[in-house]
Protein chains: 2
Amino acid sequence: MKKIINNVEYIVDEMLNGIVVSHSDLVQRVADSTVLARKNINKNKVVLISGGGSGHEPSHGGFVGEGMLDAAVAGEVFSSPGADQVAKAIEAIGSDKGVLLVIKNYTGDVLNFEMAGEMSDYPCESIIVNDDIALENSTYTVGQRGVAGTIYIHKIAGAKAESGASLSDVRAVAHKVNDNLCSLGMSLGPCIVPASGTASFELKDNEIEMGLGIHGEPGIHREELKTADEHTIYIMDKLLAHAKPQAKDKVALLINGLGATPLMELYIIARKAHEILGNKNVVVVDTMVGNYMTSMEMPGFSISLLKLDNETEPLLMAKANTIAWKR
Amino acid sequence: MKKIINNVEYIVDEMLNGIVVSHSDLVQRVADSTVLARKNINKNKVVLISGGGSGHEPSHGGFVGEGMLDAAVAGEVFSSPGADQVAKAIEAIGSDKGVLLVIKNYTGDVLNFEMAGEMSDYPCESIIVNDDIALENSTYTVGQRGVAGTIYIHKIAGAKAESGASLSDVRAVAHKVNDNLCSLGMSLGPCIVPASGTASFELKDNEIEMGLGIHGEPGIHREELKTADEHTIYIMDKLLAHAKPQAKDKVALLINGLGATPLMELYIIARKAHEILGNKNVVVVDTMVGNYMTSMEMPGFSISLLKLDNETEPLLMAKANTIAWKR
């Protein structure tokens, strides 16, 4: 295992300290917790809390700030944070206008976030994000997994909350985004969880895994590495079959790197995805290309497609000021 | 070689097309060239052109836009663009107020950019960036190499140009930044240049190379992988010995990922670098953490330190609207 770390026991704590000293204008730590909160806490609006296991940076701490999340709770690498940590986030930033918990669909996250929500003194609602269309059920999941498309929930529900909307309206737009969102990824190799020191799976020199999860959970199938265009066509076909956009429909497109895939390759994929959408006269309103939800140093990528409407498009384009997404 | 590409001959062209379709609000291609220009070309100010071999994304196309570069010229992977390509950039965006060429110090880049500048009809000046303090001379270099600190020249000279300053003033501030800038990096392993298909060097399972160049050029020495803190102390000691900041001096800090190193590790390094600067009462005005000048999928990082003054600090903090740096 070749990682630039100190004691493996403190990597999450040291990372959180690094984030805070580097971006002290945007985020702060909540004492005795693994919670990052936005710098200027605003309790006069619905607040959004997300989080999950670490190792997916910049998710989710990178999306804390104006127009997106109010707090992010970090677990150990690829492990859900405990309900006590989520409770500390709610306690620190909770608003009488309400709290929306944005939870990626993994059994541990759902259990711990919802338990904290039920124990809270504030009105709490949740959205369980399940954008990964690879599999109906998976290793750590009943139902579809939540993956990179989650950042669209942070952005759009975050902008809705910033506008002063009620908890039920913020919750409604979060559910609308989830209903109009789908993602599918592929991996070229494993990452190494620091605490174990070993690769979570192995692939042959010329093999990829389609539909792999962001914790290395098994995907749909393994196959030979083909061209970028062939893999992009396969993934876009699956996404389009799911989303069924019509000509002139507006969409947002996210080409997400899993960690070790160069931007050069992500842009080659973006080029083909745009071509495929253009051939169907689907209008791409916004494209994001880069590492937004990673699996540490895993090589690979995912594509997320979000159908927009008159409510969600301006919220997507609204101001945001976070570490990893400024608009 | 496990890369998500199509025909290796077209990777730069396909990447440039991917960048343009993904960010059509910010950049455009200059016809029959490998030049990316900003969308709204402004010829009423000094214009900045940079570039170099591809494979360092988001450098340099990611820094084209308001407040930074007016154009970036892309060569093949790790190869300087020809003087003809640089000339096309000058022709497309050249301004009577003048052109500043921002050149990383590699023999090919210096030759080709300066040749194009000499042939140009516009007043042209250049700045040769040589921030890498690892070695006095290197494989492709007479003098120190230009590495990640170059993005500070893009930002600060770009903001100066945007303010309406003269060519000599923009050139002067670019030289001031270069004089107050130093960088040093280390690598945990090689990257693979697509055209050759093989790793540029090899390291043992527990070995790192200190001072490695962004094209895999040899560094200062090889040693065992130590803790993040030990490597950070070594690098910061070298940078501080070079920059000699005094108590209360203001600096900018860049923790730059070379490609495959997770943000988690970069933030652990950032935490230690801040601690070291804090112990000397040096004031860190701005910290950037992420992949800003990469070597494709190389694992490793560099640290850049820039001493600021009353002119450069507000220019660093001024508005920018590019793909990879928004402020």
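Here are legends for a few close-up views of this predicted model.

Local features were kept at pLDDT of at least 70 and side-chain atom pairs at pLDDT 80 or more, while totals for chains, interfaces and linings use all residues. Residues are numbered from 1 along each chain as its sequence is written, and chains are lettered from A, with ligands numbered from 1, in the order in which they are written.

**View 1. An open sheet in chain A is built from 6 strands.** Reading across the sheet, the order is S1-S2-S4-S3-S5-S6, with mixed pairing. Strands (E, at least two residues) and helices (H or I, at least four) are DSSP runs numbered from the N terminus, and two strands pair if DSSP finds at least two bridges between them. Strand S1 (27-29) and S6 of chain A sit at the edges, each pairing on one side only. On average, neighbouring strands are turned by 25 degrees against each other, direction ignored.

**View 2. Here S5(A) meets its parallel partners, S3(A) and S6(A).** Strand S3 (residues 47-54) of chain A is joined to S5(A) by 3 bridges; in one of these pairings, Ile49(A) has Leu101(A) as its bridge partner. H3(A) packs on the sheet and touches S3, S5 and S6 of chain A, its direction making about 170 degrees with that of S5(A). Touching means contact, with C-beta atoms, placed from the backbone, within 7 Å. Angles run from 0 to 180 degrees between N-to-C directions, and axes are lines fitted to C-alpha atoms, for helices over the stretch in contact.

**View 3. A β-α-β crossover links strand S5 (residues 99-104) and strand S6 (residues 124-129) of chain A.** These two strands run parallel and share 6 bridges, and Lys104(A) pairs with Val129(A) in S6(A). The chain gets from S5(A) to S6(A) through helix H3 (residues 107-119) of chain A, in a right-handed crossover. That term means that, with the strands pointing away from the viewer, the path from the first strand over the helix to the second runs clockwise.

**View 4. Helix H4 (residues 150-162) and helix H5 (residues 167-179) of chain A pack at about 155 degrees.** Their axes lie 9 Å apart. H4(A) and H5(A) are therefore roughly antiparallel (over 145 degrees; under 35 is roughly parallel, 65 to 115 roughly perpendicular and the rest oblique). Their crossing is right-handed: the near helix is turned clockwise from the far one by less than a right angle. Residues that meet here include Tyr152(A) and Ile156(A) from H4(A), and Val170(A) and Val173(A) from H5(A). The contact has 9 nonpolar, 1 polar and 2 charged residues. Nonpolar covers Ala, Val, Leu, Ile, Met, Phe, Trp, Tyr, Cys and Pro; charged covers Asp, Glu, Lys and Arg; the others, Gly among them, are polar.

**View 5. Helix H6 (residues 228-243) and helix H7 (residues 263-279) of chain A cross at roughly 50 degrees.** Their axes come within 9 Å, and H6(A) and H7(A) are therefore oblique to each other. This crossing is right-handed. Thr232(A) and Met236(A) are among the H6(A) residues here, and Ile268(A) and Lys272(A) among those of H7(A). By class, the contact has 7 nonpolar, 1 polar and 3 charged residues.

**View 6. Chain A and chain B each bring 44 residues to their contact.** On the chain A side, helix H1 (11-22), H6, H7 and strand S11 (283-290) each supply at least two residues. H7(A) gives the largest share, 9 residues. By class, this side has 22 nonpolar, 13 polar and 9 charged residues.

Note on methods:
Two residues are in contact if their C-beta atoms, placed from the backbone, lie within 7 Å.
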